[in-house]
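Please read the following note alongside the sequence and the model.

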Amino acid sequence: MIGSIVTTLAGIILFLFLFWKRLREDYPSSQIFTTAFYVLLGILLGYGVSLKVSRESWFWIELVGIILGFGIGILRYKFRFFEVLEALTLGFLPWLGLFFLRDSIDSSSLASFLSFFAVTCLITLFAFLDSHYKNFSWYRSGRIGFSGLTTLGTLFLVRAAFASFFPFVISFVKYEAILSGVAAFVFFLATFNLARST
């Protein structure tokens, strides 16, 4: 219980810091943190709903809460969509990694440890893409958003693969592979469209 609380608090602090750091040069801090709290409130509501409806579906229900909080912030403050999406991606990956690391230690779960390792690789991928995407000759638009969309697409592609080999993981639902596969397709398609835009 204490470990879960500590991990959650550490994850929230990391999320708030990284989200703010990513956006601080373009937007007022008050708007950044207000949007972040909308997202956190969405997660809290999603968690509460998942306890009532389906504990196994917590990931997807909380994801809906994140989308709602994200959407409210975008609409209220007229944020640029892809900038905030990248900030959310960067902010949530370390939190997700901490969650899987704690679960792997508490329950001696190989699946959770592999998930932690996968998230660590995704953080590395995001950092690499964020530093080099403007140098990719095929990414003609050079628009911001490539790193976040590609990383999210890879995340859901990995979830689809994990669901095939570890269907018993608590965050996986009955049609996890299909849902994650569709989400991965949508993010990669958005990346392709962004690359072709002018």
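1. This is a predicted model, and a careful reading can begin with Ser-180, which has its place in helix H7, a helix made up of residues 176-196. Because its relative accessible area is 0%, and buried means under 20%, Ser-180 counts as buried. If neighbours within four places in sequence are left aside, the residues in contact with Ser-180 are Trp-60, Phe-156, Arg-159 and Ala-160.

2. The largest pocket holds about 1,400 Å³ of space. Its lining is made by 45 residues, and among these Ile-43, Trp-58, Phe-59, Glu-62 and Leu-96 are the closest to the centre of the pocket.

3. By class, the lining of the largest pocket consists of 33 nonpolar, eight polar and four charged residues.

4. In the second largest pocket there is about 220 Å³ of space, and the residues lining this pocket are Lys-21, Arg-22, Leu-23, Arg-24, Glu-25, Asp-26, Glu-83 and Ile-144. Helix H1 gives the most to this lining, with three residues. Which classes are found in the lining of the second largest pocket? Six of its residues are charged and two are nonpolar, while no polar residue is present.

Definitions and conventions:
Residues are numbered from 1 along each chain as its sequence is written. This is a predicted model: local features need pLDDT of at least 70, side-chain atom pairs count only at pLDDT 80 or more; totals for chains, interfaces and linings use all residues. Side-chain values use heavy atoms; hydrogens and water are left out. Helices (H or I, at least four residues) and strands (E, at least two) are DSSP runs, numbered from the N terminus. Buried means under 20% relative accessible area, exposed over 50%, partly exposed in between (1.4 Å probe, protein chains only). Contact means heavy atoms within 4.5 Å. On a 1 Å grid over the protein atoms alone, a cavity is a set of points where a 1.4 Å probe fits but cannot get out, and a pocket is an open set with protein on both sides within 12 Å along at least five of seven lines; lining residues have an atom within 4 Å of a point. Grid points are joined across faces, edges and corners, and a volume is the space filled by probe spheres set on the points. Ala, Val, Leu, Ile, Met, Phe, Trp, Tyr, Cys and Pro count as nonpolar, Asp, Glu, Lys and Arg as charged, and the others, Gly among them, as polar.
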